[in-house]
Structures are given as C-alpha cells and as structure tokens.
Amino acid sequence: MELISNAPTGPIEQSWDKHKFDLKLINPANKRKYNIIVVGSGLAGGAAAASLGELGYNVQCFCYQDSPRRAHSIAAQGGINAAKNYHNDGDSIYRLFYDTVKGGDFRAREANVYRLAQVSVNIIDQCVAQGVPFAREYGGLLDNRSFGGAQVSRTFYARGQTGQQLLLGAYQALERQIGLGSVKMYPRMDMLDLIVVDGQARGIVTRSLYDGKIEVHMADAVILATGGYGNVFYLSTNAKGCNATAIWRAYKRGALFANPCFTQIHPTCIPVAGEYQSKLTLMSESLRNDGRIWVPKQPGDKRAPGSIPESDRDYYLERRYPSFGNLVPRDIASRAAKAECDSGHGVGETGLGVYLDLADAIKRLGKHVIAERYGNLIEMYERITGEDPYKVPMRIYPASHYTMGGLWVDYNLMSTIPGLFVLGEANFSDHGANRLGASALMQGLADGYFIIPYTIGNYLASAKPAKVAADAPAAKQAVANATAITKKLLNGSGNRTVDSFHRELGKIVWDNCGMARNEAGLKKALSQIPALREEFWKNVRVLGANEEFNQSLERAGRVADFFELAELMCLDALDRRESCGGHFREEYQTPEGEALRDDANYSYVAAWQYQGEGRAPALTKEPLTFNYVHPSQRSYK
Ligand SMILES: Cc1cc2nc3c(=O)[nH]c(=O)nc-3n(C[C@H](O)[C@H](O)[C@H](O)COP(=O)(O)OP(=O)(O)OC[C@H]3O[C@@H](n4cnc5c(N)ncnc54)[C@H](O)[C@@H]3O)c2cc1C
C-alpha cells in the first residue's frame with residue numbers, strides 16, 4: 001500500500017489557505033442531506049460534532065460515559081498552547097511550529113505541524129468567545145505561562161483545570177446543537193466495530209452499556225475521536241475508562257496504525273504507592289515553571305528533604321540543561337529522573353521518586369501566588385499523599401500519560417479507509433515521537449473546530465456516498481463479530497479477574513516497552529504477551545450478564561484489545577532501530593545518554609496494516625521530508 005499524505009507543497013505559510021480553497025464545498029441546503037457519525041465527545045469529538053452540527057450536517061455523537069461532559073479531556077490540567085505572543089517574548093507561528101517539530105524529534109509531518117501552529121491563535125479566540133475563563137493578569141489581559149521545550153510563555157490556562165473549562169465550552173456548543181436537533185447524542189454507547197461497505201466507512205456497531213443491546217448506525221462518514229491508549233500500561237494518568245477499542249477495531253477493518261510505539265511517559269506524577277494501586281495522578285508540568293527538581297547528591301541519602309542542605313542537593317536538570325533548566329521536554333525530563341533513581345539517588349520509600357520543590361518560588365512570590373497558580377494541584381497532592389507541598393517538596397516520578405501513535409491520517413485527517421476520519425489523541429499526527437506539554441488540547445481543538453469542518457465536506461462532495469441499508473451484509477457481519485466477542489468473554493469459566501490480566505500485561509509493557517527499550521527486552525515481551533493473551537482467553541472470569549450494566553464485561557473487551565495492541569507496540573519498537581523522543585532504544589544513545597536518531601534509515605512514519613488473525617502485520621512507510629526545520633541533534637543545553 002502507498003501512503004499518500006495529501007500534504008500541500010509550496011510555501012508552508014500559505015499551504016493551508018491554498019488547500020482550503022482547493023477543497024470542494026457542499027452548499028448549505030445540501031449539508032442536511034448528509035449523516036455524520038462522531039465517536040467521542042472529548043475536546044476533539046465534542047468540537048467536531050458541535051461545528052458540524054452548526055454547519056448543518058446531521059450528526060450522531062457517541063460516548064461511553066453517562067454525559068459527553070465526562071470525556072477524559074475534562075482531566076487536562078496545565079494549559080493549551082497558542083502562538084499569540086501576548087508576552088512579546090519572541091513567539092510566533094513559526095516558532096511554535098519549530099518548537100513542535102523539534103520537540104517531536106523530527107518524526108512529524110511539517111505541513112500538519114505548521115497548520116496546527118497557525119490555527120492555534122483561532123482556538124483561543126473561539127474559546128474566549130464561548131466564555132472559557134482563562135486566567136487573566138491584573139490588567140485583564142489573558143495570562144500565559146511556560147511549558148517544556150519552549151523558551152517563551154505561550155500556554156493559556158485556567159488554574160490547573162484547563163481541560164475542564166475548555167470541555168465545558170465545547171460541551172455547551174454541543175448541547176446547543178443537540179437542542180437545535182442537528183446533533184443526536186448517544187451516551188453510554190460503546191462502539192465495538194466499524195462497518196465498511198465497498199471500501200468506505202459507512203457506520204458503526206454499538207453496544208448499549210445499560211442493557212447490552214447491539215445496534216447498527218449508518219452514516220455517510222465516520223469520525224473517531226476516541227482518545228489515546230495510555231492505559232495499555234495499566235497504571236497511567238489516564239481516566240480508567242480510556243481504551244483503544246474503537247481505533248483497534250477500525251485497524252482490524254483496514255485502517256493503518258501509525259507509530260504505535262511512540263508513547264509519552266510524563267515526568268511529574270505522584271509515584272506508585274503499592275501493589276494494588278489502579279491509577280496514577282498527574283502533577284501538571286506547569287509546576288515546573290516554579291518548582292525546582294532535585295535529588296540528594298549522595299546516593300541512598302535518607303535524610304528528610306528539609307535536613308538536606310543546598311550543598312548536598314543536585315538540581316540535575318538545571319545542571320545538565322542550563323538553557324531550558326526544569327522546562328526541558330517530557331521525554332528528556334523523564335529519562336533524567338529514571339537515571340537518577342537507577343543510580344541510587346531516588347527518594348521516598350521505594351527510591352522511585354525525585355523532589356519537585358516550590359520553596360524558592362514561595363519565598364520569592366509568596367504562598368498566595370503559588371496557591372493562585374496551582375492551588376487545586378497542591379490540594380490534590382496533599383489529599384493523596386498526606387504531605388503539604390507548601391512545606392515539603394513533592395515527590396514525583398514518570399508515568400504513562402499520552403500516546404503519540406494512533407491511526408494513520410492524511411493531511412485531511414482521513415485514515416486509509418475512505419470516509420473514516422480520526423481526530424485528537426486517537427490519530428498519530430502532529431507530535432512525532434514526543435509531544436510537548438499543552439499541545440494535545442491545541443491539537444484536539446484544531447482538529448475538531450478548524451480542520452475537519454473543511455476536509456469532511458471535500459470528501460462528501462467528491463465521494464458522493466450512495467445510500468446503504470442498515471442490514472447490508474457488511475453491517476450484519478460487524479454485528480455478528482461484536483456479538484461473538486461479547487459471548488466469548490462471558491462464556492469463559494476461568495478463575496482470574498480481568499484486572500489481574502491487565503495489571504500483568506501492563507507490567508510487561510512498562511518493563512520492556514516503557515521509558516527504555518532494548519532488543520532483548522522487546523523480544524521477551526513479544527513472547528510473553530501472546531502467552532498471557534492465550535491464558536486470558538482460557539482463564540478469564542467475567543461475571544454478570546450481557547443484558548445489564550456490566551463494567552467487568554466492558555473492561556474485558558478493552559483488555560482483549562490492549563493485548564493485541566501491546567504486541568504491535570513492541571513489534572514497532574523492535575523494528576525502529578534508533579532512539580527518538582519517547583522511543584528510547586538503549587542501544588542507540590549519545591555518549592551523554594540522549595536519544596540518538598538515525599535519520600538516514602528511520603525518517604518515516606511506520607504504519608502497520610492488519611493481515612488477519614495469527615499473521616504478522618505489514619509495515620508501510622511514509623517518508624518524512626524536512627524543508628524548513630532541518631533535523632539536528634536536539635539540544636536543550
Ligand atoms: C491527567 C491529564 C492531564 C492532561 N493535561 C493536559 C494539558 O494540560 N494540556 C494538554 O494539552 N494536554 C493535556 N493532557 C492530554 C489531553 O487531555 C488529551 O490528550 C486530550 O484531552 C484527548 O482528547 P480527545 O478528545 O482526543 O479524547 P478524550 O477526551 O479521551 O475523549 C474520548 C472520547 O471518546 C469516547 N470513546 C472512546 N472509546 C469509545 C468507544 N469505543 N465507544 C464510544 N465512545 C468512545 C469517550 O467516551 C470520550 O467521549 C492531559 C492528559 C491527562 C491524562
């Protein structure tokens with residue numbers, strides 16, 4: 001298969017405008033003749049459904065929560081980037097583009113990233129118009145702070161609850177369309193399969209989470225905005241419900257999966273406290289604006305942090321990366337924390353922790369300023385750990401947080417299945433091998449508010465999808481498939497819980513395809529995962545019935561998909577014999593321990609195609625070319 005990116009050529013500054021002009025339009029009266037399915041009501045899906053409803057399309061929007069407002073985007077904390085240059089500190093669209101391509105370690109498509117930087121400025125205007133209460137300075141102007149990988153302040157925020165406020169904005173726009181009748185909302189519905197007719201995406205199969213009823217929904221195009229797959233690691237900062245089922249089942253229907261091994265391990269999370277923990281909590285990267293990261297200079301130093309004098313502390317990020325200091329990108333900060341802990345400098349009972357210390361900032365700015373900026377995060381930390389960060393430094397450690405990999409999409413955000421579009425964290429676009437902080441919200445909203453409304457019209461106008469009946473053979477076959485999986489899960493008479501399998505799988509993936517990877521470990525994981533998967537199908541016990549609210553059944557289906565995805569991640573990680581961004585192959589590193597890319601051989605997007613049960617997936621490469629930001633060894637020193 002050849003991957004055609006449809007990325008425009010010519011001057012990059014004009015390419016999106018020119019592309020938009022070249023896209024076909026559908027006249028306003030005709031839009032209502034088209035049905036569009038949007039799976040997902042987070043920032044990407046909510047923004048898309050609201051915008052498409054506003055344009056006049058008939059939209060059906062699905063989510064598995066009880067309300068679209070509970071999508072995982074609500075949890076986002078620190079902020080959203082935009083190249084507004086309000087601080088007059090040298091920012092520009094070009095600089096945001098540059099920082100993002102470099103931050104992603106030169107593994108993203110330039111044209112997409114430039115467009116993202118361009119529309120970032122519109123996002124802020126859109127959200128302000130919706131009433132999103134971004135933080136303001138004393139004079140009333142919108143405030144900004146800094147995030148990793150940038151030397152300017154371009155992050156807009158609403159305390160540590162930016163995702164919540166942005167989602168409320170998108171949700172209200174969505175509710176308005178629901179009220180007007182252009183969007184029909186289907187909460188508590190799980191998409192279990194994609195319906196492909198004559199090579200085009202024409203619908204989905206859903207299971208009602210209330211009563212297990214399986215339904216077919218047909219449309220002229222399908223949008224997946226179903227979030228990331230960070231929960232493959234079991235322990236992650238993602239909401240417990242986040243899963244890969246929608247994109248995985250689309251992959252099995254022919255959509256290529258790009259860069260599955262590109263996952264983000266976030267440096268500042270509350271460390272794991274015990275064997276039975278099921279969730280990790282993020283402490284936003286924004287804290288690194290004012291918090292200083294350090295460990296004791298002496299390995300094994302067990303003194304309380306307050307008793308360790310300045311001379312015995314190592315502010316290792318400031319020492320190793322003087323230009324960016326505590327605000328180096330996440331992949332670099334995470335690896336540095338791991339290196340400190342591996343060499344015995346880690347703190348806390350397990351030794352898997354480093355300090356994030358607000359003391360200097362409190363002394364300089366006063367406690368009230370720190371409380372204004374991060375109050376809710378500090379309160380959350382105190383509730384979980386019982387320690388007061390105003391008095392003792394926080395203990396933090398890296399954790400799975402975000403997935404840069406996802407379904408492959410072209411410049412129009414269309415997957416390799418015509419009519420199937422993928423938005424937000426569910427697609428692979430824009431962030432390369434490492435995402436910069438505050439760029440996921442930007443991408444999700446760019447996709448939903450500003451890109452898909454143009455590109456989907458072009459598809460519908462060109463493809464002119466014919467009517468397909470809900471009992472078409474492809475729909476029946478997808479229903480049979482979804483029903484069979486549910487039955488198989490419920491029929492098992494084993495004695496292990498779904499969670500025990502998920503925890504074991506997560507540990508294999510974390511140990512071998514997490515913050516550091518190597519050939520031997522990946523090969524080991526590739527033999528362990530299929531064996532554990534086999535045991536899962538033989539020995540899993542799913543209690544309850546299909547016809548009721550059954551979260552054990554929901555989880556079982558998702559874990560079954562994580563098993564298959566985990567294998568693809570390891571295969572992709574094994575195949576990419578270089579280090580880049582969050583993909584750190586221990587065999588390929590510079591003498592200073594930084595990621596060592598191999599541009600001559602690996603400057604491509606790795607897109608995997610499903611070949612059927614028991615057969616190895618096929619790899620297709622989309623070569624990456626860089627005409628503006630020339631690949632170099634990333635330096636934040
Ligand atoms: C704790 C935390 C803090 C973060 N903070 C920031 C930040 O400050 N700045 C930033 O830029 N990024 C941040 N991120 C990342 C960012 O929040 C996410 O990448 C982003 O919100 C994802 O949005 P989305 O719309 O793509 O998906 P989501 O918000 O995850 O929404 C997915 C939607 O798909 C639906 N869905 C999924 N599967 C199915 C299915 N099978 N059937 C039906 N519906 C389905 C869900 O119900 C949901 O509505 C943070 C992430 C975490 C975990």
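V222 belongs to β9, which covers residues 221-224; strands here are DSSP runs of E with at least two residues, and helices are runs of H or I with at least four, both numbered from the N terminus. β17 spans residues 420-422 and runs parallel to β9, with 3 bridges joining them. For two strands to count as paired, DSSP has to find at least two bridges between them.

β9 also pairs with strand β1 (residues 35-39), again in the parallel sense, over 4 bridges. There, V222 has I37 opposite it. Are the two faces of β9 covered or open? Both are covered: A221 and I223 on one side, and V222 and L224 on the other, are all buried (under 20% relative accessible area, with exposed being over 50% and partly exposed in between, using a 1.4 Å probe and protein chains only).

## A word on the model

This is a predicted model, where local features need pLDDT of at least 70 and side-chain atom pairs count only at pLDDT 80 or more, while totals for chains, interfaces and linings use all residues. Residues are numbered from 1 along each chain as its sequence is written, and side-chain values use heavy atoms, with hydrogens and water left out.

## Around the ligand

Now for some polar contacts, meaning pairs of N or O atoms within 3.5 Å. S73 puts a polar side-chain atom 2.5 Å from a ligand oxygen. M191 uses a backbone N or O atom, 2.8 Å from a nitrogen atom of the ligand. L441 has a polar backbone atom 2.8 Å from an oxygen atom of the ligand.

## Cavities

There are 5 cavities of 30 Å³ or more. A cavity is a set of points on a 1 Å grid over the protein atoms alone where a 1.4 Å probe fits but cannot get out, and lining residues have an atom within 4 Å of a point. Of its 13 lining residues, L192, T486, L553, E554 and G557 are the closest to the centre. β6 (189-197), α7 (245-252), α13 (473-491) and α16 (551-575) each give two or more residues to that lining.

The second largest cavity comes in at about 70 Å³. Its lining includes T263, D331, R335 and M515, and β11 (263-269) and α9 (330-342) each supply at least two of the lining residues.

Conventions
1 Å grid on protein atoms, 1.4 Å probe; cavity = no way out; pocket = protein on both sides within 12 Å on 5 of 7 lines; lining within 4 Å. Points joined across faces, edges and corners; volume = space filled by probe spheres on them. Polar contact = N/O pair within 3.5 Å; in protein donor to acceptor, adjacent residues only side chain to side chain.
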